[in-house]
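Have a look at the model below, then try each task before reading its solution.

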Amino acid sequence: MRHFLASVAALAALSLCASVARAETLTYGYDELGRLVGAVSDRGPAATTTTIYLYDKADNRSVVFVAKADATKRPVFTFFEPSRGHFYTLGFLEGHNAGMDAAGPTFYLYTSGGSGRYALYRCYDAAGGNHFVTASSNCEGQTVEGILGYSAASNAAGLTELHRCFRASDTDHLVTANMAECTNYGYAYVQSLGFVP
């Protein structure tokens, strides 16, 4: 009888492991050369891990980014394509499937609002043909694509200020925690987007 109960317990454990394994979805992205550029392990919105691979000119893997979403924060991925500018998304595959090159996860946003937090929106400017991020709920008169996440209105330990800059020559919007990116690449400062984890 003990062996029977042990067998039943073992089968139950295997069944539980199998159901956990089935709950994970793995998705891969490859570039036109067949190189792995991204892998997404999805166990739900609060348990997603994205790994991004970048390559140098000699086809050597040069950089690996790992970004994890949890119940309080999620990564915003940055993509770039010279004719379309910067693109910001919560899903690596959205940018990859649009044919853009990943620049890695750039920053994290809170998953929910609350006291001292406000929403950041992804917007589309049809005239300029590009996307941007703003705290304006009407996207400054442009097309609202949705809320990316939330930032804090004031600084605190462990937070970084997020900046939005603009380059008129190619109507490109840059969102960065590093102001040197704005000044070194000819962008003009637009606004602070608050403080992010």
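**Exercise 1.** Find the pattern in which the disulfides of the chain are bonded.

*Solution.* Count the bonded cysteines along the chain, and the pattern reads 1-2, 3-4. The structure holds two disulfides, a disulfide being a pair of cysteine sulfur atoms within 2.5 Å. This is a predicted model, where local features need pLDDT of at least 70, side-chain atom pairs count only at pLDDT 80 or more, and totals for chains, interfaces and linings use all residues. Residues are numbered from 1 along each chain as its sequence is written, and side-chain values use heavy atoms, with hydrogens and water left out.

**Exercise 2.** Work out the handedness of the disulfide between Cys-123 and Cys-139.

*Solution.* Start with the bond: Cys-123 and Cys-139 are joined, S to S 2.0 Å. Next, take the torsion about the S-S bond, which is about -75°, so this disulfide is left-handed.

**Exercise 3.** State the strand order of the open sheet.

*Solution.* Four strands follow the order S1-S2-S3-S4, with antiparallel pairing. Strands are DSSP runs (E, at least two residues), numbered from the N terminus, and two of them pair if DSSP finds at least two bridges between them.
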